[in-house]
Amino acid sequence: MAAENHEYIHDEVTGEWRPASKMAASASGSETVVRDASGNVLADGDSITVIKDLKIKGAGQTLKQGTVIRSIRLTDNPEEIDCRHDGIKGLVLCTEFVRKR
């Protein structure tokens, strides 16, 4: 029976311990970088601030400028982020309307 090397690296984005082999593979791949309106890099779990009033289709609400949204999730599209805010589930915002907090 061969001894396997089980090295783990802490992934700061997700907060999980992952095998070093998977982390190296994802680092060498072409990951897309998601940036806010100011050019700051966004990651899963970040807090953002809305930079202009946004009417939310289907919810009958408006997110006012300065609204803070916590714990965002990145999507496959680098121009969109997934988040939740007071009774609005499945909220997807364009990165051009938010700034990292």
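In this predicted model, strand β9 (residues 73-74) and strand β10 (residues 80-85) run antiparallel and are joined by 2 bridges. Within this pairing, Arg73 lies opposite Asp82 of β10.

Ile81 has Leu93 in β11 as its bridge partner. A hairpin is formed by β10 and β11 as well, with 2 residues between the strands. In that turn, Gly87 has a positive phi of about 85°.

A further pairing involves strand β5 (residues 48-50), which runs antiparallel to β8 and is joined to β8 by 2 bridges. Here Thr49 stands opposite Val68 in β8.

| Strand pair | Bridges | Direction |
|---|---|---|
| β9 (residues 73-74) and β10 (residues 80-85) | 2 bridges | antiparallel |
| β5 (residues 48-50) and β8 | 2 bridges | antiparallel |

Strands β8, β5 and β12 belong to an open sheet of 3 strands, arranged in the order β8-β5-β12 with antiparallel pairing. The edges of this sheet are β8 (68-69) and β12 (98-100); each has a single partner strand, so one side of each is left without a neighbour in the sheet. In general, strands of a sheet pair through backbone hydrogen bonds, in either a parallel or an antiparallel manner.

Notes
Residues numbered from 1 in each chain as written. Predicted model: local features only at pLDDT ≥ 70, side-chain atom pairs only at ≥ 80, totals over all residues. Heavy atoms only, no water. Pairing = 2+ DSSP bridges. Helix = DSSP H or I, 4+ residues; strand = E, 2+ residues; numbered from the N terminus.
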